[in-house]
Every structure is written in C-alpha cells, then in structure tokens.
Amino acid sequence: MSPSPVVSRVVVAVLDGLRPDAIDPFDLRHWKRLARGGAETRAGTSVRPSVTAAALTSLFTGVAPSVHGIESEAFRLPKQPGRLPLVTKVLAAHGIPTTVHIRRIPWLCRGLARQFARHAGAARVTMTGDHAPEILAAAEGTLRERLPGFTFLHFPDADRAGHAHGWMSGAYAAAARTLDDTLGRLAGMLELDRGDDTLLIACADHGGGGAVPTHHHSAHPLDTTIPILMAGRGVRPGVCLDGASWLDLPATVAWTLGVTPPSAWDGRPLTEAFAETLVAAA
Ligand SMILES: [Zn+2]
C-alpha cells in the first residue's frame with residue numbers, strides 16, 4: 001500500500017558546495033529562519049566521492065555512486081540505467097511530474113541534456129542563467145503555477161567561488177550570501193509562510209576545502225559534511241535531522257508525495273521531520 005501524500009509538491013534546492021559551518025559566520029539569515037521553523041541538520045553526509053556529478057546522479061537514481069558508477073566530476077549515463085528505478089520514472093508511474101531548473105550549459109550539451117531529462121521522465125526543463133538569481137528568475141513562472149510534483153533546482157554559486165578562490169574565502173562568503181538571498185526569494189515564491197501545500201528541501205551536495213582549499217573530493221569531513229533543511233507543510237519545527245544522508249533525499253521526496261520508495265534505493269524517508277499523525281497515516 002502506498003503512503004498517504006504529505007504534500008502535493010516537493011521542491012529540492014541544491015546549494016552547490018555550501019558548507020554547514022558557513023551558515024553562522026556569514027549570517028545566512030534565510031537559511032536560519034527556515035531552519036528555525038522546520039527541520040535541519042548541519043551534520044548531514046554527502047556521497048563518496050563528494051562531487052556533484054556523483055551526488056546528483058544519486059539524487060535521481062536513489063543509489064550510491066558505487067552502484068550507479070559515476071564516481072568522478074564527469075557527467076555521463078549511469079551503469080545499466082534501465083535497471084535503476086529512476087526517481088523521475090518511479091514518480092511518473094504514479095502520475096507525478098518532475099520539473100528541472102538548472103543553469104545554462106554549453107549548447108553542444110544542451111540537446112543531450114534535454115534528451116536525457118526526457119528519457120528520465122522529467123516533464124519540464126529550464127536551462128537559463130549562470131548564477132542563482134537568474135536561474136530562479138527563469139524558474140519563477142513555473143513555480144508560481146503551483147504545479148504538483150517534484151521540482152529540482154540547482155544553484156552553482158558557492159561551489160564556483162570555492163574552486164576559484166577557496167572555500168570560506170571572501171568570494172565564497174559573497175556567493176554563499178547570494179545563495180541565501182535566492183533561498184529566501186524561493187521560499188517567498190513557494191508561499192511557505194502562508195501554508196501552501198509544499199515541502200521545501202534545501203541542501204548542499206558537498207562541502208569543500210578539506211584536503212585541498214579549492215576542492216571537495218576527499219574523504220575529509222569538511223568535504224563530506226552537508227547541511228540539509230526541510231520546511232513547509234507538515235514539518236515539525238525544531239526537529240534535528242542529524243544522521244541524515246544525501247541518499248535519504250530520493251526516498252523522502254517519494255514518501256512525502258505518497259509513493260513507496262523502491263527497495264533498491266539506498267536511503268530512507270526522513271519521516272522524523274513530520275508530525276506523528278502524518279507518519280501514522282502514511
Ligand atoms: Zn565542485
């Protein structure tokens with residue numbers, strides 16, 4: 001039996017490369033406000049290796065990099081994609097669409113990316129803008145339509161500044177604040193404060209500056225520790241999500257939309273974030 005849906009819309013915003021220990025010193029006030037009213041961890045775990053291609057492939061396949069086979073920075077098709085129960089396809093089987101908003105990518109890759117997104121079952125894709133505010137601006141029209149389903153947004157700014165200038169540098173701090181402002185605007189668009197039927201999950205895919213000041217691929221805790229927050233309908237304020245993993249996100253997305261996560265997925269739904277009545281109903 002499928003769980004009862006908690007919400008009709010789940011929005012996952014990836015703040016690429018945002019270290020949890022950047023939140024207080026750089027005063028990321030929107031993150032802190034949303035975390036106070038929702039569930040949070042600043043001790044979440046990324047995948048190994050802690051790189052974006054591996055993490056995003058895990059988000060869409062539900063399995064660890066050792067299973068999907070993408071264990072470097074290079075995006076390519078996962079191992080045996082037909083055998084992996086893709087998140088988008090699992091949701092689509094229940095009539096739930098996926099929408100993807102990412103930055104502009106080189107035109108040579110654009111056709112391939114669209115083809116891959118369609119193959120994976122994503123209903124709509126925007127690839128506009130280079131920085132978080134532009135990417136969100138391109139997504140705004142779709143977000144305001146309040147379509148049900150899974151919406152994925154990726155904001156690259158902190159990772160880019162970390163590679164160019166070092167994690168926790170001045171440029172990194174500025175990029176982290178840009179991400180935070182964008183998160184605040186996104187929460188406003190989603191009308192979370194007005195109790196809209198939406199769950200927002202904001203998270204980083206990896207940290208950085210662990211073994212190498214300008215990278216994030218090592219097993220150092222500064223590279224592998226991530227912040228995760230959940231806010232919106234049904235989330236209990238003040239819940240601590242310590243122990244949560246990036247791999248729990250696909251199962252959480254499915255569960256909150258009323259879909260049983262396939263047993264092949266590595267993570268578990270973060271049900272502790274929700275009121276007990278909702279968990280019991282599910
Ligand atoms: Zn990176």
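This is a predicted model: local features need pLDDT of at least 70, side-chain atom pairs count only at pLDDT 80 or more; totals for chains, interfaces and linings use all residues.
Local features require pLDDT of at least 70 and side-chain atom pairs count only at pLDDT 80 or more, whereas totals for chains, interfaces and linings use all residues. Residues are numbered from 1 along each chain as its sequence is written.

The protein chain contains 11 helices and 8 strands, taken as DSSP runs (H or I, at least four residues, for helices; E, at least two, for strands) numbered from the N terminus. Its C-alpha trace spans about 50 × 40 × 35 Å along the principal axes. Of its 282 residues, 50% count as buried, that is, with 20 or more other C-beta atoms, placed from the backbone, within 10 Å of their own.

Strand E7 (residues 225–232) has 8 of its 8 residues buried, so it is largely enclosed by the rest of the structure. In a regular strand, side chains alternate between the two faces of the sheet. Thr 225, Pro 227, Leu 229 and Ala 231 are buried on one side of E7, and Ile 226, Ile 228, Met 230 and Gly 232 on the other. E7 pairs in the antiparallel sense with strand E2 (residues 39–45) over 5 bridges, pairing being defined as at least two DSSP bridges between two strands. Here Thr 45 has Thr 225 as its bridge partner. Strand E6 (residues 198–203) also pairs with E7 in the antiparallel sense, over 5 bridges, and Cys 203 stands opposite Ile 228.

The axes of helices H6 (residues 132–144) and H8 (residues 170–190), lines fitted to C-alpha atoms over the stretch in contact, come within 10 Å and cross at roughly 10 degrees. H6 is therefore roughly parallel to H8, a term for angles under 35 degrees.

Key: Axes are lines fitted to C-alpha atoms, for helices over the stretch in contact, and angles run from 0 to 180 degrees between N-to-C directions. Angles under 35 degrees count as roughly parallel, over 145 as roughly antiparallel, 65 to 115 as roughly perpendicular and the rest as oblique. A residue is buried if 20 or more other C-beta atoms lie within 10 Å of its own, exposed if 12 or fewer, and partly exposed in between; C-beta atoms are placed from the backbone.
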